[in-house]
Amino acid sequence: MNNVEVFDVYGRKLSSHHLIPSSSHHLINISHLHAGIYFVRITTDQGAVMRKVVKI
């Protein structure tokens, strides 16, 4: 299961994207989101990581 999820500061999931395992680069379009703080969770077979993203 390889995917990327975008959450707002309240923990609401705003989007979810399936990743193609054979690619090492992925582009997630957040242009539709307002300026603010978001959290991105990346989940792969090796585990999950969550990072804060600030959109200005």
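Guide: Thr44 has Gly47 of S4 as its bridge partner. The model is a predicted one, in which local features need pLDDT of at least 70 and side-chain atom pairs count only at pLDDT 80 or more, while totals for chains, interfaces and linings use all residues. Residues are numbered from 1 along each chain as its sequence is written, and side-chain values use heavy atoms, with hydrogens and water left out. Strands here are DSSP runs (E, at least two residues), numbered from the N terminus, and two strands pair if DSSP finds at least two bridges between them.

A hairpin of two residues joins S3 to S4. These two strands run antiparallel, and nine bridges join S3 to S4 (residues 47-55). S3 also pairs with S1 in the antiparallel sense, over five bridges; there Glu5 stands opposite Arg41 of S3. S1 in turn pairs with S2 through five bridges, again in the antiparallel sense, and Phe7 has Lys13 in S2 as its bridge partner.

Together the four strands form an open sheet in the order S2-S1-S3-S4, with antiparallel pairing. S2 (13-18) and S4 stand at the edges with a single partner strand each, so one side of each is left without a neighbour in the sheet. From one strand to the next, the twist averages 20°, taken between axes that are lines fitted to C-alpha atoms, with angles running from 0 to 180 degrees between N-to-C directions.
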